[in-house]
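This report describes a single protein chain and two of the ligands placed with it. Please consult the sequence and the model while reading.

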Amino acid sequence: MSRIVHAVYFSPTHSSKRMALLLAQGLARKLQAGVLPHDWTLPAGRQEPVSLGAGDVLVFGFPVYGGRVPELCLPCLQTLEGAGRPAIVLAVYGNRHYDDALLEAGDLLAAQGFTVVAAGAVIAEHCIAPAVATGRPDARDLELLDGFAARAAEAVAQGRDALPRLPGAHPYKRLSPSAPAKPATLASCTRCGTCAGLCPLGIIDSVDPSLVGEGCLRCCACVKFCPQGAKTFQDERQEAIRSWLEASCQKRREPEFFL
Ligand SMILES: Cc1cc2nc3c(=O)[nH]c(=O)nc-3n(C[C@H](O)[C@H](O)[C@H](O)COP(=O)(O)O)c2cc1C
Ligand code: SF4
Ligand code: SF4
């Protein structure tokens, strides 16, 4: 039976998707395996079961939110059956820090019966403050990710044991209660529907995209991909976070890999 590398990801602004797929492709090349993507970003994708065969490998890529794994991923992770299969964790973050996200993801996968053989924390443009980590991942980041894929493939091929520990602390960083949020829609909106189709929660009305329901994640997919630049966060909290990130998180951080 041929081996499959399953690339599972949640990725509203597509950085985690890009890096999880590159990692999965690098692994698959070395292991002479195929790649199967599982996109958990949209509600329909989160309904699709992930069925793993004997000898298959899991890559889990996600954006760090508040130093943690996005809560939306937890119910999906709980449907996975590890049965001792190897897993590789990839946390993608916006140059502030990943805090306890790697540890949490490793714990969650171990609880599902996976053997977490490798983990990485890599940097991408901050979706809330695009002036932070602008242009990341760059060529150097991608070269390092490729090297990590090769070393992770070796770990899989050698049937290595689970990593003894990942950085982070128990109890995990407390999630600060998020104030209700909603992006505003400017008059330049053409009602093209792009944002409605890309919202991970499906809370943007497809007929009148200025109508946004409750529970917004502030993921910024609607802001980033609106062709008119018509979706925007104008609330004080978002502005304060953006200013703080721009002032405090400009020093370049480097990818970290654990094997
Ligand atoms: C609600 C929220 C919380 C975030 N928290 C962090 C964080 O704790 N540390 C960090 O460095 N970046 C943080 N980010 C930035 C994202 O991790 C980063 O932009 C990531 O590349 C987004 O991934 P995506 O392109 O797959 O959506 C946060 C972004 C959002 C929307
Ligand atoms: S993507 Fe932009 S222009 Fe299109 S419906 Fe949404 S807000 Fe309007
Ligand atoms: S409405 Fe909120 S959750 Fe939906 S795409 Fe926009 S920022 Fe993300």
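## Overall fold

The model is predicted. The protein chain contains eight helices and eight strands. Its radius of gyration is 18 Å, close to the 18 Å that the globule rule gives for 259 residues, so the chain is as compact as a globular protein of that length. Along the principal axes, the C-alpha atoms occupy a box of roughly 55 × 40 × 35 Å.

Of the 259 residues, 47% count as buried. Among contacts with a separation of 6 or more, 80% are made by residues 24 or more positions apart.

## Helix α4 and its cover

Helix α4 spans residues 101-111, and its buried residues are Ala101, Leu102, Leu103, Glu104, Ala105, Gly106 and Leu109. An α-helix has 3.6 residues a turn, so residues three or four places apart point the same way. Leu102, Gly106 and Leu109 are among the buried residues of α4.

The cover over these buried residues includes the strands β3 (57-63), β4, β5 (115-123) and β8 (256-258), together with helix α3 (74-77). Just after α4, Gly113 adopts a positive phi of about 95 degrees.

## Pro86 in strand β4

Strand β4 comprises residues 86-93 and includes Pro86. Why does Pro86 count as buried? Its relative accessibility is 15%, and buried means under 20%.

Beyond its neighbours within four places in sequence, Pro86 is in contact with Asp56, Val57, Leu58, Phe114, Thr115, Val117 and Val156. Arg136, 50 residues from Pro86 in sequence, lies 28 Å from Pro86, C-alpha to C-alpha.

## Surroundings of ligand 2

Which residues surround ligand 2? They are Cys189, Thr190, Arg191, Cys192, Gly193, Thr194, Cys195, Pro209, Cys226, Pro227, Gln228 and Lys231. By class, this shell has six nonpolar, four polar and two charged residues. The space that ligand 2 takes is the second largest cavity.

## Surroundings of ligand 3

Ligand 3 sits in the largest cavity. Around ligand 3 are Pro183, Cys199, Pro200, Ile204, Cys216, Leu217, Arg218, Cys219, Cys220, Ala221, Cys222 and Phe233. The shell around ligand 3 has eleven nonpolar residues, no polar residues and one charged residue.

Terms used. Residues are numbered from 1 along each chain as its sequence is written. Chains are lettered from A and ligands numbered from 1 in the order in which they are written. This is a predicted model: local features need pLDDT of at least 70, side-chain atom pairs count only at pLDDT 80 or more; totals for chains, interfaces and linings use all residues. Side-chain values use heavy atoms; hydrogens and water are left out. A residue is near a molecule or strand if one of its heavy atoms lies within 4 Å of it. On a 1 Å grid over the protein atoms alone, a cavity is a set of points where a 1.4 Å probe fits but cannot get out, and a pocket is an open set with protein on both sides within 12 Å along at least five of seven lines; lining residues have an atom within 4 Å of a point. A molecule sits in a cavity or pocket if more than half of its atoms lie within 2 Å of its grid points. Ala, Val, Leu, Ile, Met, Phe, Trp, Tyr, Cys and Pro count as nonpolar, Asp, Glu, Lys and Arg as charged, and the others, Gly among them, as polar. Helices (H or I, at least four residues) and strands (E, at least two) are DSSP runs, numbered from the N terminus. The radius of gyration is taken over C-alpha atoms; the globule rule is 2.2 Å times the number of residues to the power 0.38. Buried means under 20% relative accessible area, exposed over 50%, partly exposed in between (1.4 Å probe, protein chains only). Contact means heavy atoms within 4.5 Å.
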